[in-house]
Amino acid sequence: MEFLIDYVVTVQFALLVFVVVTLKSSIKFVPQNRAWVIERFGKYQSTKEAGINFIIPFVDKVAADRSLKEQAYDVPSQAAITKDNISLTVDGVLYFRVLDPYKATYGVEDYVFAVTQLAQTTMRSEIGKIDLDKTFEERDMLNAKIVTSINEAAESWGVAVLRYEIKDITPPGTIMEAMESQMKAERERRAKILESEGERQAAINIAEGEKQARVLAAEAERQEQVLKAEGEAKAIIAVADAQAQAINVVGDAASTEKGQKAIQLDLATKAIEAKQAIAKESSIVLLPDNGTDAASIVAQATSIINTLNKGQQL
């Protein structure tokens, strides 16, 4: 009886363990951004996504565990020949993610290897379409074309290439030396152009400054001449006005009796001074009989003045 009880307890314990193991095997917790491909008797059954999932123990199994995160893989360095027959060594980085776990599992044996190899062949093909100089200038264009070409082929693998970045492009040593010489010559050419442009601009500035200086000097000289002419004109006018005023004053005074006597005296004095001057210049002086008589001289001057006054009255 005790043996039977022990047997029943053992069977119950075994059943309990079986149930626990079965439940544990049937409940699956898939992590975030991962997908499990489930096979039943070796055939695809379903794809389990993040969260709690149930499978049939001992019948279903996890055939593949695929990450849905973006993945980055180094593309190994490889030789490529440009359109102008220059050999280059190129490497890069490939960024992609799995969109369809089913295709990534059953569409290709190893999708990482397949995508990496496709990136290498596509890169060689695209570099072969352009010249050496453009490989350095058009990296973005190369990256875009490589991504487009890979996506067209990788669609059946359930993989999407997000971007491709070329890390290094290494030409041969001789080409590097030639490129450095070319860049040096280009820098020297630009420096000479900038220097000559600076000299030309300096010469223009100097010439412009000299021109403006000459213009200002000519303007100053013209202004000086104008002011000088205006001053001389004003001086002439002032002298003429003074002379006219003096003549008017003398004329007004000469019309009086005292003025006539003053004129007679002045004329007599000037006549005597003139004869004295003639006598100094020559040792022989011929004079009329009455030439030395002051009264005669005054009479002659008075006669002349009277004649002039009569002419003015007429």
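Visitor: Which strands does helix α5 lie across, and at about what angle does α5 run to β8?

Guide: Quick caveat: this is a predicted model, where local features need pLDDT of at least 70, side-chain atom pairs count only at pLDDT 80 or more, and totals for chains, interfaces and linings use all residues. Residues are numbered from 1 along each chain as its sequence is written, and side-chain values use heavy atoms, leaving out hydrogens and water. Helices (H or I, at least four residues) and strands (E, at least two) are DSSP runs, numbered from the N terminus; angles run from 0 to 180 degrees between N-to-C directions of axes fitted to C-alpha atoms, for helices over the stretch in contact (heavy atoms within 4.5 Å). Helix α5, residues 139-154, lies across β7 and β8, and its angle to β8 is about 145°.

Visitor: What is the strand order in the open sheet of three strands?

Guide: Pairing here takes at least two DSSP bridges between two strands. β7 and β8 are antiparallel partners over 10 bridges, while β6 and β8 are the edge strands, each pairing on one side only. That gives the order β6-β7-β8.

Visitor: Which residue in β8 is the bridge partner of L94?

Guide: L94 also has I150 among its contacts. Its bridge partner in β8 is Y164.

Terms used: Lists of a residue's contacts leave out its neighbours within four places in sequence.
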